[in-house]
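Morning, everyone. Please have the sequence and the structure open while I talk.

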Amino acid sequence: MSRQEFREISPSEFFYRHREIVGFTNPARAVYTSIREFVENSLDAAESIGVPPDIHVSLIRDEGFEFEVYRLRVEDNGSGIPGEYIPYAFGKILYGSKHTLKQMRGIFGLGGKMAILYGQITTNRPVHIISSIGDRYIYEYRLLIDIEKNNPIIVERNVHRNGSPRWRGTIIEIFLEGDYQRSSIKIIEYFKETAMANPYAELTFIDPYGILYTFMRSTRRLPASSREVKPHPHGVDVETLRKMINSTNCKTLREFLIENFHRVGEATTDKFLKKYSLDPARDPASLTPSEIVDLAYALKNFDEFLPPDPSCLSPLGEELLVEGVKKELNPEFVTAIQRKPSTYSGYPFIVEVALAYGGGIPQTGRITLYRFANKIPLLYDESSDVSWKVVNQIIDWKHYKIDPAKDPIAVIVHICSTRIPYRTLGKEFIADRPEIEAEITRAIRIAARRLSEYLSHKRRVEKAREYFSIYEKYLRKIARFSSMLTGMSEPDVSRLLRRVKKWRGSKDIEGSL
Ligand code: ADP
Ligand code: MG
């Protein structure tokens, strides 16, 4: 009998082996995912200090390889990274500043580093980083990731004096195997949609053919930023609870609950403890593992906790959403709805929807769907997404006199949450959680009603205009012929025409004629 061999692998090695689960399936997809991860880091970094993002991306073919290799460079005006953290932020998988309950684009401490890791394993070149937090120094590093140990290897480190005015931001450059031809459509679409959901950002992209794409901002107003919150009792699991108990200084269960949870006040705690016959004076550290399991269960099921408040979220808001849609799609009509905050499994979320019609919206024979999560466009696996289901299977467009096959319509759905229920680590589509599905459905229905009103008004006006032009044409002709026949002078039909106008319709039709 052969013996099995047991060994542990590091997070770097795990993701190295399974890179397709985070979106590095092939060279085309890898270029797209790398750009996306760096741009998202840059957007987060600028928003975190309240600055409208300026992000410049270039992708240049490097001829020094036998196969297709690109140099990808992304520069931003964001927070910058303190010098001592740079090697870890870019050289240690799962290390990051976003493991908090606050809405950010990054979540796993993974994305940027996966791009770096992919670049390293395909070209064996280190990542080059230049960053400053706007103080006296600029740090420059060349790093490799030690995949087995999940640690950075510093190949080169330089410290430069920061000039005046002080520069703040980050420049990151990697070499990676890629396929631009097969990914260019998605990449340009990614920039366009990012510009739509972030109308306060300025983005430029120079592609390998030297073409410059610019997406100018149309406003400098940023959405209200998000705050970090404590965990909501409905969202904690046994492991989180155990960790919280281990690190608390609270000496009683009552104090522990009030201090550590979001939306848990004194009165609610007392009710909760009473309902589950828990001793308020009990030292949380004395809870046995099975009591912790019971407590987690009780916290999840007690329905008198207030829902999480949405201050940890940073939605776009109706105005910015309309602004973004107008800027990138230039429609004839657009309306936006922001729903009230809601929750699923203890996580707050907000749904925002815009519906656009005509103008620059192409007529494709079906509704064009733009999906966003925490202001990130989602471009793959559309038909697995909850929004696709709502748009194509739940909403009855006929009810709103809208014909998806004929009318040029775009639906824009934005979901923001501290925890987007992505179905995969590749962050491409959102699971059909019933609470989220219901909110999207409600928002689209409201928007569809508004569009339907707009369209029926427009159709009424068109009909009236048609009638009027017929009357106008023929009344004048009839007047002329009858005067010729009778030899009498030609009557003035304008009074009659004014009466037709009145008779044909309401005030708004008259006004628009
Ligand atoms: P995540 O974004 O999921 O946290 P990443 O690997 O993409 O993981 O980034 C790791 C960390 O590096 C981030 O949490 C952030 O603190 C820092 N970081 C990455 N890119 C930038 C940037 N452009 N500006 C400032 N900080 C950054
Ligand atoms: Mg990231």
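One definition to start: a helix axis here is a line fitted to the C-alpha atoms over the stretch in contact, and angles run from 0 to 180 degrees between N-to-C directions. Also, keep in mind that this is a predicted model.

First, find helix H6, residues 238–247, and helix H9, residues 289–301. Their axes come within 9 Å. They cross at roughly 115°. Angles of 65 to 115 degrees count as roughly perpendicular, and H6 and H9 are therefore roughly perpendicular to each other. The crossing of H6 and H9 is right-handed.

Which residues meet there? From H6, we have Val 238, Leu 241, Arg 242 and Ile 245. From H9, we have Ile 292, Val 293, Leu 295, Ala 296 and Leu 299. Sort that contact by class, and you get eight nonpolar residues, no polar ones and one charged.

Now move to helix H8, residues 266–275. Which of its residues are buried? Thr 268, Thr 269, Phe 272 and Leu 273 are. Those four cover an arc of only 130° around the axis, so they lie on the same side of H8.

What covers the buried residues of H8? The cover includes helix H7, residues 253–260.

Turn to the face of H8 pointing away from its buried side. There you find Ala 267, Lys 274 and Lys 275, and they are exposed.

Terms used:
Residues numbered from 1 in each chain as written. Chains lettered and ligands numbered in written order. Predicted model: local features only at pLDDT ≥ 70, side-chain atom pairs only at ≥ 80, totals over all residues. Heavy atoms only, no water. Helix = DSSP H or I, 4+ residues; strand = E, 2+ residues; numbered from the N terminus. Parallel < 35°, antiparallel > 145°, perpendicular 65-115°, else oblique. Left-handed = near helix turned anticlockwise from the far one by under 90°. Contact = heavy atoms within 4.5 Å. Nonpolar A, V, L, I, M, F, W, Y, C, P; charged D, E, K, R; others polar. Buried < 20%, exposed > 50% of the residue type's maximum accessible area, 1.4 Å probe, protein only. Arc of directions from axis to C-beta.
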